[in-house]
Every structure is written in C-alpha cells, then in structure tokens.
Amino acid sequence: MSGLVRINELVRYFDLGKGQRVHAVDHVSLDIAEREVVGLVGESGSGKSTLGKTLLGLHDKTAGTVTYRGEELPARYHPKDFQRFARRMQMIFQDPYSSLNPRMTVGEIIAEGLLLNRLANASEARGRTVDWLQRVGLNADHLSRYPHEFSGGQRQRIGIARALIVNPEFVVCDEPISALDVSVQAQVVNLLNELKESLGLTMLFIAHDLSMVRYISDRMAVMYLGALVEIGPADDVYFEPLHPYTQILVASNPEPDPESERQRLSTTIKGEIPSPVNVPEGCRFAGRCPHVMDVCRQQTPALREVQGRLVACHLYDGGEQK
Amino acid sequence: MSAQLLEVRNLKVEFDTYGGIVQAVRGVDFSVDAGRTLAIVGESGCGKSVTVQAIMGLIPRPPGRITAGSAQLRGESVLGGISAGGKEIRGAEIGMIFQDPMSSLNPTMTIGDQIAEPLVVHRGYSQAQALARAVELLELVRIPEAERRARQYPFEFSGGMLQRAMIAMAIACKPTVLIADEPTTALDVTIQAQILDLLGDLQQETGMAIILITHDLGVVARMADEVAVMYAGEIVERGSVDDVFYRPAHPYTLGLKQAMPGNQRHELLRPIEGSPPDLFAPPSGCAYTARCPHAMKICEARHPLRFQVSAQHESLCWLQHAQAPRPPQLSAADALESRT
C-alpha cells in the first residue's frame, strides 16, 4: 500500500538526565493511506499525543523516519521547514481553551496561517476567513471577537477553521472532542466527517473514547507504553479485539445500555500503566496481562499479521490463539 | 412514595455575578434510598454539581444563595451541610468525592493524615487511632503497601490511586450517603472501571446510598438504579435506569442518546443543535424549547407540568399531555396524571 504518510520505526525519547529517559514513542511504524482516517487510542501516558506531535515536527525525532508523499521529513524542523510543511500538515488541538491565543481576535487567529504562508493578501484572507467561519457553523459577526467570548464547542470550531483554512492534506486531531459535552461532541464529529468528505482529508484521530474513534475511523491503532500493539479495521478491532490489552480496553468502556452493562463480567485490569522511564524487558503489557506466559517476559513481540490485522502478542505466535 | 433516606425538595440556588443573577438550580426534587445509586446526568452548566454542593454546604456565600428548598436525611433537615441540631453532616453522614483528585487533596499533608482528619474531627479518634484506621481504609480501597503509602504525599500518587485515597477519606466516617461528583471523568477507562467496581463493592458492604453526578451515559448504565436527567437547572426526566434508557419520555433524554455513536458504522450522529439557554433570564416556558425538535406553541408560553409516565417515571414535558401529538420515539403512559 502506498501510504500518504509512512512512519518507519519512529522513536522519540525524552532525556531526564542521570541516564534516564522516557520512552514516549518507541519504534512505531504505521502507514496512513490517502483519504484514510486512522484512529489512535490508548491510555494517558501511552505516547499517542507525542506520536502525533513528532509526526508533524513539533518534537524532534530521536530516530526513525517519517515520509510524506515519498519525501523524508527532517528529523529536526527548522523554521522554514514548518512553513513548508504546515501548509500540507496541520493539527487540531485537544484543549480549545489553551490552544487559542487569548489576545488575538478570532479573525486574526483563523487568517494567520494564510498570511504567514502568503497564500492570500489581507482582503482575500478576510473573505476566506468569513467563508470558513460559516463553514464551521459560526458567522462573520464573530470575526472581531476574542476566544473567551465563545463556548468550548465554538472554540473547537475555531480551532478546526484555523487548521483547515490553509487547505492541508493531512490533519492530526489530538483529542478534539474530549473536552466537550456529549451533544456538542456529536456536532464537532459530524463537522469533521463532513469536512473530511468534502476536502478529501487524511486524518490521524487521537482519542481515548473508543466508541467515538470506532465511529469516525477506517482503521484503529492501539498504543500501549510507547508501542503499537494492534492495528486493524476499526470495527474488527472494536468488536473482536485480539490483543489482550485491546480486549481489556474495549471491555472497560461502559456502554450506554443498562442491560448489557448488567451482563458484563467484571474485566477489571490489575494495576496501572507502568512508568515509561524504565520499560520492562519483553512485552510491555506482560505485568498486567491475564494471559501472560514465560516467553512474554523475555522476548518483545513484534507486530505480525493475524486475521487480517497486525497484532504484537506472543499468544498469536502460531498464527492462532493458543 | 414512602420516605427515603435522603429527600431533596424544591431546591433553588442562585448566584450573583457581574452580568446579573444566575438561576443555576431552579426547583429540583429527588430522593435516594439506602443501598441504591441515583445518577444525576446532564451537560456542563446544567446545575448538577451546584445541586449537590448546596446539600453539602459548599456553595460560597456570597455570591451563591440557596433561595428555597429542603434536604432531609432520615427526616432531619441537613441542607447546607449542618443538621437542625447543629451537627456537622458533611464528611460524617454524607461523604463526597470530587472530580479532580489532583487538585482536591491538600498537597502539604500526607495521604494518611488527610484520611485520618475526618475521624479525629467527627468521631473523636485520637491521632494514632485515626492513622491506624486510615491504613485500614487504604487497604479497603485496595491500595497496595498501605502503611508506606499512608506516609506519602499526593504528588507521589497516580490519578487512579489519588481517587482511591479520596474515596477512603469520604467513607472514613461510614457515611450513609456518598456523593460522587464526576469521580472518573479525569481517569482512563481501565482505571475508571476499577474505581466503579470499587464503589459498587463498597456500596454492597456498607449499604450506603450513592449519588453519582456524571455526563457519561455509559457510566450511568453501569452504575445507576435510578436516573435524574438535568437540563438548565431542572430535572426534566426521572425514573429507573431502564425507564430512562429504554423508554425515554423527554426529548432531551432522547437527544442525548441519539448523539452517541451506536453500533452502526458511519451512520450520522444526531447532535442536539444549539446550546442551553441563558440562566440569567431563563425562558418562562420550557427551557428546552429552542432546541427541541418537537416543540409546540404551549412549550414557549407555559412552563411544562411534571407528568407521571408510570409510577416511578416522570417527565417535565408538554408532549406527555393527553392532547399532545406523541412522537413515536417517546414513551408515554396511556392514562396520564400530572402534578405541578
């Protein structure tokens, strides 16, 4: 498959000094095809935001490569690299409260990308800003207002307009709906879906809400402690998870259905996600895994193809679950 | 309805702000019985947290004000966290856990001292007795190495562990009611499952009533016996968890359900358009009118009556009136009675 974005053995460590380092992203490989939406799920601290940011050059790459349309992206971005790539790759941030400059008007925030990249002169930029405000369900009256005058859902729409006005091909959505209420989440997800269709966007959709990720994604990738443990078609991963961690993640997600919740067996996982500073030898999940075997503590399982998807688990060494 | 453990009647709370008076809670009634869990569901700003804060006496005055209503625990008035006899209810009879465990604990006190504090204050334990009990409580909420952990400070705990510590503190005095205000919103799903299981187990052991404040319908389905749906400072629907999920009788409840992804792929989510009304000047009619797909003339003009859909199920909606056209997705009783 020729991916639009190809991530190959990407590594991002953070040095803590004294020889210790955080293995935030540890040899991650993932191809994202053109017009595909890949959902990235995992618990906090699993490295999903770091992966998204490293991908876009917001963090330097410790090792590994990212290619975009066959061109390798620099390991460390210089200011002119941002200018070059930001037109094609954009990010929608999690927190609509802290990701908009409180001292800029909404018009200035949305138009900034156009002006910085010299994609439009001031009057064209204004026209396109108004277009985009309408497209995301706001209106021209909002141009001269400041972010604090808007609700969370409206701010997220401003963030979406800001990211998409430069006409990017690839967008990383970092938990774009986590800070919003249920009814507003649906508004924003529908808007993203609609824009994805009309603009032909390719997206990496990072979230911890599994049901929403399944809803919006073509494929789902599950991350644990810096590494991907399962990648496959979103419905398959959600309804028939193979990796024990994915199974527990799906089972922990309460469904809005009292009957099925009453029948749910307790699937509580023991313990918490270990520190990414001292990553255990072998499988990262071994310490919490209900099916742990001796081999798990010695050998790190590689992603291998199982039932039409990729799973990193020794249970599937023979191809089928033992 | 026979007297329940905790009964709240016609509670009204308002706040003075620069923009005017916000009517945050506009006449709320609910009750919960021992061993049962009541979930109060609603979106940000609907008044669900203010409701329980008023009961606990946690409304800052000024700018806040309880303008009407009562809360009775076993028939004794407890509104504002103090009983009629002047006894402190808060932390003793009613325990509370908060949304954000990171900021709700004192960073300068050890975990053990914080759990011991209510025992010393409310139950007259000596410091040493209280500390010993704190370690037992940490074990009860399944914190490993409880003795060592009790001597640590909050920054040494993870979010899930802090939430357990806060639960230990809330149940230290064996409260009859535990109020949990978004107890798992800040946590990951796997840790959320652990905390919800823990709350369920503690309820079985102690028989306490739980009032669970949440916006997550999945958590409600998992935990609740009864559900109260709040919108714009009022309870718009109340009933058993099955009634509310399978036989919703208010368009807002239905809207919340339809806004969540179901098991179909790429069906369009149906968001509730618009946003909640301004509570500086709440509408005189139904507060949901502007967003309601089934709104009628009367909805704007007159505040809806509380209609009894079945014995334990009520809806604050004119569509329940015998002469109203009934949308097919909404359930309604054949013979309706109303009370104001």
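**Reading the chain contacts and local geometry**

Modeller: To begin, 29 residues of chain A are in contact with 34 residues of chain B, where contact means that C-beta atoms, placed from the backbone, lie within 7 Å. This is a predicted model, in which local features need pLDDT of at least 70 and side-chain atom pairs count only at pLDDT 80 or more, while totals for chains, interfaces and linings use all residues. Residues are numbered from 1 along each chain as its sequence is written, and chains are lettered from A and ligands numbered from 1 in the order in which they are written.

Colleague: How do α3 and α5 of chain A pack?
Modeller: Axes are lines fitted to C-alpha atoms over the stretch in contact, and angles run from 0 to 180 degrees between N-to-C directions. Angles under 35 degrees count as roughly parallel. Here α3(A) (residues 106–116) and α5(A) (residues 152–164) have axes 7 Å apart and an angle of about 30 degrees, so the two are roughly parallel. A:Val106, A:Ile109, A:Ile110 and A:Gly113 of α3(A) meet A:Ile158, A:Ala161 and A:Arg162 of α5(A).

Colleague: What should I look for in backbone angles?
Modeller: Most residues other than glycine have a negative phi, and most peptide bonds are trans. A:Arg69 has a positive phi near 50 degrees, in the loop between β4 and β5 of chain A. Phi of A:Leu225 is positive too, near 50 degrees, in the loop between β9 and β10 of chain A.

Colleague: Are A:Arg69 and A:Leu225 buried or partly exposed?
Modeller: A residue is buried if 20 or more other C-beta atoms lie within 10 Å of its own, exposed if 12 or fewer, and partly exposed in between. A:Arg69 has 13 such neighbours and is therefore partly exposed, whereas A:Leu225 has 23 and is buried.

Colleague: Where do cis peptide bonds occur in chain B?
Modeller: One runs from B:Arg61 to B:Pro62, with omega near -20 degrees, and another joins B:Pro62 and B:Pro63, with omega about 10 degrees. B:Pro63 lies in the loop between α1 and β4 of chain B.

Key. Contact = placed C-beta atoms within 7 Å. Helix = DSSP H or I, 4+ residues; strand = E, 2+ residues; numbered from the N terminus. Parallel < 35°, antiparallel > 145°, perpendicular 65-115°, else oblique.
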